[in-house]
Each structure stands twice: as structure tokens, then as C-alpha cells.
Amino acid sequence: MAENNYSLTTEFILLGFSDHQNLKTLLFLVFSFIYLVTMVGNLGLVVLIYIERRLHTPMYIFLGNLALMDSCCSCAITPKMLQNFFSVDRKISLYECMVQFYFLGIAETTDCFLLAAMAYDRYVAICNPLQYHTMMSMKLCLQMTIGAYIAGNVHTMIEVGLLLRLKFCRSHVIKHFFCDLLPLYRLSCTDPHINELILFILAGSIQIFTITIVLVSYFYILFTIFKMKSSKGRGKALSTCASHFLSVSIFYGSLNFMYAQPHSVNEGDKDIPVAIFYTLVIPLLNPFIYSLRNKEIINVMKRTMKK
């Protein structure tokens with residue numbers, strides 16, 4: 001009888017923002033605008049870096065890939081969420097759930113490693129400027145980028161593989177606006193303790209490893225900056241690093257709140273505001289955080305628009 005129940009749940013209902021039905025038109029317009037600006041901002045940044053040879057340097061290659069992953073994150077979540085605002089049944093199949101989480105997981109994990117690579121790049125540029133082209137060669141840049149994508153795929157495939165061991169025979173209602181791991185764990189008839197433990201270990205390890213690289217890099221960066229005699233040089237160095245450090249702080253803060261906490265599976269739907277932040281708001285903000293504080297990108301944009 002239990003096996004029959006297991007086989008029945010092949011699709012779920014995404015409740016999303018059903019508690020705000022009177023605001024669904026407003027929310028639809030707001031999230032549509034966020035999605036449009038996110039895609040234009042991130043893909044525009046990718047295209048700009050691709051076509052402008054002056055931007056074919058490690059820092060901008062990492063930035064272009066970060067923008068590409070932010071676009072992937074937004075594409076994985078937003079279209080289905082927007083559809084569900086005016087959908088009657090708001091159904092999503094188990095297969096669609098896995099695919100949605102797969103692309104989200106790749107984007108988020110790859111972002112962690114790309115942000116760490118960007119911190120190391122800034123460390124070399126500021127602390128060892130004369131050795132920059134030796135220490136941060138294009139070969140190393142490509143290896144670090146490919147490694148970030150491989151790590152993103154491996155981590156996500158492990159999590160998806162562990163999801164497939166779960167059986168769903170309870171409620172098929174997901175109290176979320178997308179198929180994330182924690183809401184699925186709550187619906188499982190199989191004990192998700194192993195999944196939760198491995199998620200905590202893997203997500204925690206990835207965050208500790210990448211955050212350590214970021215913090216150590218910025219420790220040396222700040223130490224070097226404060227040793228500079230020129231106030232103009234200090235200001236330029238701080239301006240170069242401020243946008244990256246702001247993005248890192250926001251991104252890791254929200255991810256740590258979501259996934260790197262033991263027993264977070266029992267938190268109910270309290271994680272929805274944080275999920276909105278790291279899946280929708282951060283991909284929206286990143287191109288503006290990096291572009292508006294980067295004179296080189298602004299100058300390239302002006303020249304491109306004049307053409």
C-alpha cells in the first residue's frame with residue numbers, strides 16, 4: 001500500500017504567493033519587471049565583455065561568467081513563477097522540479113567559486129601588480145572558470161541524485177514559489193536526514209572554502225591598501241574592490257541563512273523572503289553593482305552606444 005502511495009505523487013502544486021491573491025497583478029508586474037531588467041542587464045554585460053577585446057582579461061571573464069550564471073538562475077525560477085500567478089492548478093511535475101533545481105543549483109554553486117576566483121584576481125592585481133600577468137595568466141583564468149562549472153555540476157548532480165531516493169506520499173503541495181531542496185524534504189515519506197546531512201556538509205564545505213579564499217584575499221588587499229602612501233591610489237583600489245565585496249557579502253549571507261544551517265529543513269515557509277532575495281534580487285543587482293562602479297565598463301558602454 002505504501003508503494004502505491006509512493007507512485008501516485010508524480011507532480012506537485014507550487015503555492016507560491018497564494019496568500020497574496022489580492023496583490024497577484026501587482027506582484028506579477030513587479031516580478032516581470034525584475035526579470036526583464038535582470039536578463040537585459042546580465043546578458044547585456046555578457047555581450048559587452050564578449051565583443052570588446054579590451055575586456056578580455058581575467059577580471060571581466062569572471063564577471064561575464066557570473067552574469068551568465070545570474071541569468072541562468074533567473075531563467076530557472078521566474079518564468080514558472082510568473083505563469084503560476086494566473087494558473088488555475090499551478091502544477092509542476094517531479095521531472096520539472098528536478099530540472100528547475102538542477103539549473104538553480106549549478107548557478108548558485110558556480111557563483112560561489114567565481115566570486116572566490118574574482119577575490120583572488122583582485123588580490124594579485126593589488127598586492128602583486130608586477131607579477132599579475134604571471135600569477136593570473138589567461139590559462140589559469142580559464143582553468144578556474146572551468147573548475148567552477150565542474151564543481152557546480154558535480155555538487156548539483158549529487159543533490160539531485162539524493163533527491164531521487166526520496167518517496168513522496170504525503171501532501172503534494174509545495175509551500176514555495178519554486179522547487180527547492182528544503183520544501184521537497186518536508187514532503188518526503190522517506191527520512192530526509194541523510195539528504196539534509198549531506199546538504200549541510202557539502203554546502204557548508206563549499207561556503208567555508210570559498211569564503212576563506214575571499215576573506216584571506218581581502219585581508220591582504222586591505223593591508224596593502226592601508227600601506228599605500230598615495231590617498232588617490234588608496235581610493236582607486238578601494239573603489240575597485242568595494243563592488244565585489246558588497247556582492248559577496250549579500251550573496252554568501254543569504255545562502256548561509258538558507259542552506260548551511262542544521263535543522264533548516266524544519267523552518268517551514270519562513271525561507272521564502274530569503275529565497276526571493278538570492279534567486280531574484282541578487283541577479284538583478286549584480287550587473288548594476290559591478291557596472292556602475294566600473295569606469296572601464298561605463299566607457300565601453302558609451303563607445304558602443306555611439307556606434
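Modeller: In the protein chain, 79% of the contacts with a separation of 6 or more join residues 24 or more positions apart; a contact means heavy atoms within 4.5 Å. This is a predicted model, where local features need pLDDT of at least 70 and side-chain atom pairs pLDDT 80 or more, while totals for chains, interfaces and linings use all residues. Numbering starts from 1 along each chain as its sequence is written, and side-chain values use heavy atoms, leaving out hydrogens and water.

The protein chain has 11 helices and three strands. These are DSSP runs numbered from the N terminus: helices are H or I with at least four residues, strands E with at least two. Their order from the N terminus is α-β-α-α-β-α-α-α-β-α-α-α-α-α.

Of the 307 residues, 47% count as buried (under 20% relative accessible area with a 1.4 Å probe, protein chains only; exposed is over 50%, partly exposed in between).

The largest nonpolar core holds 64 residues. Such a core is a set of buried Ala, Val, Leu, Ile, Met, Phe, Trp, Tyr and Cys residues joined through side-chain atoms within 4.5 Å. Phe-17, Phe-31, Leu-63, Met-81, Leu-115 and Phe-177 touch the most other members. Two or more residues each come from α2 (24-51), α3 (58-84), α4 (94-127), α6, α8 (193-227), α9 (231-259), α10 (272-291) and α11 (295-306). Helix α3 gives the largest share, 14 residues.

Take Phe-31. Leaving aside residues up to four places away in sequence, Phe-31 touches Phe-17, Thr-78, Met-81, Leu-82, Phe-85, Ile-276 and Leu-280. Another core, of 19 residues, lies apart from the largest one; among its members are Ile-92, Leu-163, Phe-168 and Leu-181.

Next, the outside. Leu-142, Ile-146, Ile-150, Val-154, Met-157 and Ile-158 form a nonpolar surface patch with about 530 Å² of accessible area together. Patch residues have over 30% relative accessible area and no salt bridge; nonpolar side chains (Val, Leu, Ile, Met, Phe, Trp, Tyr) are joined within 5 Å, like charges within 9 Å. A salt bridge puts a Lys or Arg side-chain nitrogen within 4 Å of an Asp or Glu carboxyl oxygen. Areas use the Shrake-Rupley method with a 1.4 Å probe; for residues, only the protein chains shown count as cover. Met-157 sits in helix α6 (residues 138-163). Met-157 is partly exposed because its relative accessibility is 46%.

Residues 140-158 are 100% helix, with end C-alpha atoms 27 Å apart. An unreviewed UniProt entry lists 140-158 among its "transmembrane region" features; such annotations may be inferred rather than shown by experiment.
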